[in-house]
Amino acid sequence: MFVPDSRRAWTRLAVAVLIGSLGSVGMWSVVVALPAVQTEFAASRGTASLAFTLVMLGFGSGGVLTGKITDRYGIVTAIGLGIGILGLGYIGAGLSTSIWQFILVHFAIGLSSSATFGPLMAEASHWFSRYRGLAVAIAASGNYIGGTIWPPLVNWGMQTYGWRHTHIAVGIFTAVAMTLALIGLRMLMGAGTQRDHVNAPPPRVNLRLSTNTLTAILALASIACCVAMSMPQVHIVAYCGDLGYGVARGAEMLSLMLGFGIISRIGSGFLADRIGGIPTLLIGSVAQGSALLFYLFFDSLTSLYIISAMFGLFQGGIVPSYAIIVREAMPASEAATRVGIVIFASVFGMSFGGWISGVIFDATGSYAAAFLNGVAWNLVNVTIMVSLLVRSRGYQAKMGAAQTA
């Protein structure tokens, strides 16, 4: 019989992180391939950039779809389908004869990558009780680990063999490597285990809200925090170019954000196991808003490096905290679907935030107003989290008084 928090649980988690790191290639390769693809097809930068937009749309909608598949048929089935689509998607991208084929196939790539993020976080939450927050955060780190490893590998492949052969090679390699890892995960879970949430512990936080209402509130909060989060992540490279530091410096700052984001995710998991998901998310949101304010007052090269590291350290644990809250307050049988909905909202927030920041810059000729816009959206998130925290603490105090009486 499987025991939560056991050695086998940690072994499962290690395999899950490996799968997440491999499957996240779809989120990062398109950024590296963009210039080469644009040149070959003689497309505009805006047209070529639609490939990234389709990846994000596929990733967001796929999170809901693969979440439903996970809740009904199990994580192995969901990831297995994702592996097949990912491999075919990359081979199709490498064989594209027009820019529009290349763009459209990235919707499938984004959809397949989603199976190795939200559903894996929800599944990891069923394997742990005492260290649930840490496990969810570690599972979510696969995405950032992939962001650290894949871009230089894809760039090396493109420089050596060309972007077409590199995409085909990525499709074949990920299909084989992820299949082997998935077989290992299946063995660790047991051939008779279809849905791991069947025997999972029940929710331990009562917010006195229906599941649908809480999902909608968390989705709104996710949009708000990710609109704020997108400003530095999407525009830091362009911002550094405008300041005269060059785009290479901006790319280094973005890499710094992702690197410190891994530390943040692990740290937030430790914190959530001690104080809960809602307080952890609230702390991360307040810290993220503070970092955004620093961008308004400091723009020297050294200060931007420091603030970017701070921003990554503050924001990296926010998204996994939503998965922790879902697992703490909702039935385990719905966890993957609900996490998928919230992740979809976060993707929408990132997409909208990146776009609206560019619009604000075009209208004002400066990123100052765009940073302020991010701070305003961040305050919306803080307000929602404070309300949920007060609601949960009020219920706990009321139950404690009733038990005393």
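Biologist: Is Phe 173 buried, partly exposed or exposed?

Modeller: This is a predicted model, and the class is read from relative accessibility. Buried means under 20% and exposed over 50%, with partly exposed in between. Phe 173 has 46% relative accessibility, so Phe 173 counts as partly exposed.

Biologist: With which residue does Phe 173 form an aromatic pair?

Modeller: A pair of aromatic rings is described by the distance of the centres and the angle of the planes. The partner of Phe 173 is Trp 150, at 6.4 Å centre to centre and 70° between the planes, an edge-to-face pair. Trp 150 lies in helix H7 and Phe 173 in helix H8, 23 residues apart. Trp 150 is buried, with a relative accessible area of 7%.

Biologist: How many aromatic pairs are there in the whole structure?

Modeller: A search finds 15. One of them joins Trp 10 and Phe 128: the centres are 4.7 Å apart and the planes at 70°, so this pair is edge-to-face. Trp 10 is in helix H1, whereas Phe 128 is in the loop between H6 and helix H7.

Biologist: Which residues have the most contacts inside the largest nonpolar core?

Modeller: In soluble globular proteins, nonpolar side chains tend to be buried together. Here the largest nonpolar core has 110 residues, and Ile 19, Met 121, Leu 218 and Met 385 have the most contacts inside it. Helix H9 gives the most to this core, with 11 residues.

Biologist: Which residues form a nonpolar patch on the surface?

Modeller: Ile 172, Val 176, Leu 180, Ile 183 and Met 187 do, with about 520 Å² of accessible area together. Val 176 is in helix H8, residues 163–189.

Definitions and conventions
Residues are numbered from 1 along each chain as its sequence is written. This is a predicted model: local features need pLDDT of at least 70, side-chain atom pairs count only at pLDDT 80 or more; totals for chains, interfaces and linings use all residues. Side-chain values use heavy atoms; hydrogens and water are left out. Patches are made of residues with over 30% relative accessible area and no salt bridge: like charges are joined within 9 Å, nonpolar side chains (Val, Leu, Ile, Met, Phe, Trp, Tyr) within 5 Å. Accessible areas come from the Shrake-Rupley method with a 1.4 Å probe; for residues, only the protein chains shown count as cover. A salt bridge is a side-chain nitrogen of Lys or Arg within 4 Å of a carboxyl oxygen of Asp or Glu. Helices (H or I, at least four residues) and strands (E, at least two) are DSSP runs, numbered from the N terminus. A nonpolar core is a set of buried Ala, Val, Leu, Ile, Met, Phe, Trp, Tyr and Cys residues joined through side-chain atoms within 4.5 Å. Buried means under 20% relative accessible area, exposed over 50%, partly exposed in between (1.4 Å probe, protein chains only). Rings of Phe, Tyr and Trp (its six-membered ring) pair if their centres lie within 6.5 Å; planes under 30 degrees apart count as stacked, over 60 as edge-to-face and the rest as tilted.
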